Amino acid sequence: MNKITNFIRSFGWPRIIITLFLLSLFIIAPFVGVKVSTSLSDTIVRFGMNGIMVLAMVPMIHSGCGLNFGLPLGIIAGLLGGTLAIEFNFVGPVSFLMAIIFATPFALILGWGYGKLLNRVKGGEMMIATYVGFSSVAFMCIMWLLLPYRHPTMVWGYAGKGLRTTISTEGYYWGVLSDFLKFRIGENFLFPTGMILFFAFIALLVWAFFHTKRGTAMTAVGSNRVFARASGIDIDKVRTLSVMMSTWLGAIGILVYQQSFGFIQLYMGPFFMALPAISAILIGGASVNKATIMNVVVGTFLFQGILTMTPSVMNSMIHTDMSEVIRIVVSNGMILYALTRKSEASR
Amino acid sequence: MKERLKESGKEKFLHILEKNSVPILFTVISLIGIPLSGYSLSYLGQEIVVRIARNSFLIIALLVPIMAGMGLNFGMTLGAMAGQIGLIFMADWGIVGIPGIILAMIISTPISAFLGWLCGKILNMAKGREMVTSYIIGFFINGVYQLIVLYGMGSVIPIKNQALILPRGYGIRNTVNLISIRKVLDNLLALRIGTISIPVATLIIIGLLCLFIVWFRKTKLGQDMRAVGQDMEVSRAAGIRVEHTRIVSVIISTILAGYGMILYLQNIGTLNTYNSHMQIGMFSIAALLVGGATVNRASIGNVFLGVTLFHLMFIVSPTAGKNLIGEAQLGEYFRVFVSYGVITLALILYEMRKRRDVERSGRLLAQQQKSEEV
């Protein structure tokens, strides 16, 4: 009995409720005519799409900068990379590689500036991160209209200048990762091997980083700032590094998302994109100042599972599409739960 | 031989400039934008008067939590939602005019009180992170609001007036026509000065609210709130029930936001069921910050200055953008950017100033001690 209560306390009631909810959806699915194989396949695809953006939360949580509400900044760097890759007419896998190469300097510069800003406002990072994210999306809205892009698939047809709201990646880097080594089981289950392998690769890089000297220093800064300073670690430098990493991961994350989704969404697209990633990692068990890769994997899977399963199952069951409302309640409820905790993360 | 510790006159001037940087910046933007947009002064004057009457109540609702040290109450959307629910029932029961508005206010009060209590309780669990938390609470309760209004109403909650219901049979429509109460309060005592029509009744109500706030500050509860806002631990030691006072401040703010939303909507005349409340929070906070308020100090003067400057910028930007660069869309985006940018700037300045004030008072104290040693 004690073991069970200990497990419940460490796992946390909200996570248990969400896991049970997801399991019940999977169990009900075949009874209402929703194929489990398709749903599982969809969940895995969405897991791959969002995984790296959730991973982007980890460095900043480790260094004590809180939840990265300013993920849109990294997403913007990724958008710049993607649009530049298309502008210069790169196709296929090379296109994806060039997008990463173009996005990286933007991500590093934006991350550096953003990190310096957060260092000046220690203690109030989360709120400022949110509004920096919003302001930069709004600012880029102006920029997307003005920047000198010329490629015919990207600009408005009539005037010939100013980018469109959504740009298709078909023919460029759509499916580059997902289609790599993909395999089918039966008729409905499609496994996007390339995307999952890429996620595993990046996750491995992040995990390896946190086992280096720099990485351990970052964790120290987040756990106990005074101890870290006493050990001779330059706190501001480490925090800036974590923000730069987080922004770069955000850029990579949105590129992976786009290659699977098939579209680049500009203007107000990235506006609210931080919230799903934040909910996902919190559902996975992270807290405001502790997060592991396991949290990322579990959280993204649970969150995307709910997002995939709820519409199809609920629709077939009670013939109402409540998915949007449930998504809002679940994701924001999770964030609220995490914000009101004082304790560390679990697992 | 005591040295007089004092900052030089120049330092003092720079300090004042920095403290009021946001309103000054906005005045400059407006001064550039107005001639660019080509609007006449009388048109702008009328617009500003209308907007002051429309928005001030909501913004004044933000003053109470700032007094109590809870920062910017992004949770005012909860009050806005309660006000909207009140209006939906009013529209359903077909009550028109001033009695309709009063009915909506009466319905919204218990809902606002409950939501405010809930919000306050959650905020007490997240001390130090009130602003982010109230921001997320706004989204969360929006989900619950949608659950009630989009699914509950018409099915579980009986709605008589079929015109309000979506074609599928339940759930309120995206827009609810409020023609029955449109401008009733504004036109009650409308005064014309030249070409400008002034909604005197609404302004009287706003004036009464200002008096209420001034009086409230002097009551015991108001003093308790200010003490809690200054320092929670000291107030607790002085015997003030800190958590209770914080919750009360949020409840008052939410109830006032509910009334403010009803006043806002009676001016506009249409209820945008699923969108109005989310935007209103952001715009009200931006306006307050533009008026020179900070996260821990705001006055009634900030409210009116803020409404004027913020809405001037709002009206002027699209046309100014079009005339300047040739794209009207640019002006729209510029407006959004400036709204978010001003909140970002205010939040950054607040955090930096918090740090700098501690450093500054420490430095002055050290100077004083040094001069006393001599």
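This is a predicted model: local features need pLDDT of at least 70, side-chain atom pairs count only at pLDDT 80 or more; totals for chains, interfaces and linings use all residues.
Residues are numbered from 1 along each chain as its sequence is written, chains are lettered from A and ligands numbered from 1 in the order in which they are written, and side-chain values use heavy atoms, with hydrogens and water left out.

Staying with chain B, its C-alpha trace spans about 85 × 55 × 35 Å along the principal axes. The chain contains 15 helices and four strands. Helices (H or I, at least four residues) and strands (E, at least two) are DSSP runs, numbered from the N terminus.

How much of chain B is buried? The share is 53% of the 374 residues. Buried means under 20% relative accessible area, exposed means over 50%, and partly exposed is in between (1.4 Å probe, protein chains only). The accessible surface of chain B is about 16,800 Å², and 64% of that belongs to carbon and sulfur atoms. These areas come from the Shrake-Rupley method with a 1.4 Å probe; for residues, only the protein chains shown count as cover.

Next, contacts, meaning heavy atoms within 4.5 Å. In chain B, take the contacts between residues at least 6 apart in sequence: 75% of them join residues at least 24 apart.

On charge, chain B carries 34 positive and 19 negative side chains, and the centres of the two sets are 6 Å apart. Lys and Arg count as positive, Asp and Glu as negative, while His and the chain ends are not counted. Each charge is placed at NZ of Lys, CZ of Arg, CG of Asp or CD of Glu.

One residue from this chain is Arg192(B), found in strand E2, residues 190-193. Is Arg192(B) buried or exposed? Its relative accessibility is 60%, so Arg192(B) counts as exposed. Between Arg192(B) and Ile148(B) there are 44 residues of sequence separation and 42 Å of space, C-alpha to C-alpha.

Now chain A, which has 14 helices and four strands. Its radius of gyration is 20 Å, close to the 20 Å that the globule rule gives for 347 residues, so chain A is as compact as a globular protein of that length. Its C-alpha atoms fill a box of roughly 70 × 60 × 35 Å along the principal axes. In chain A, 59% of the 347 residues are buried. The chain exposes about 14,600 Å², with 69% supplied by carbon and sulfur atoms. There are 24 positive and 11 negative side chains in chain A, and the two centres lie 11 Å apart.

Thr308(A) sits in helix H13, residues 293-318, and is buried at 10% relative accessible area. Which residues does Thr308(A) contact, leaving aside its neighbours within four places in sequence? They are Ser39(A), Asp42(A), Thr43(A) and Arg46(A).

Asn289(A) lies in the loop between helix H12 (274-283) and H13. With a relative accessible area of 32%, Asn289(A) is partly exposed. Asn289(A) is 90 residues from Phe199(A) in sequence and 23 Å from it in space, C-alpha to C-alpha.

Key. The radius of gyration is taken over C-alpha atoms; the globule rule is 2.2 Å times the number of residues to the power 0.38.
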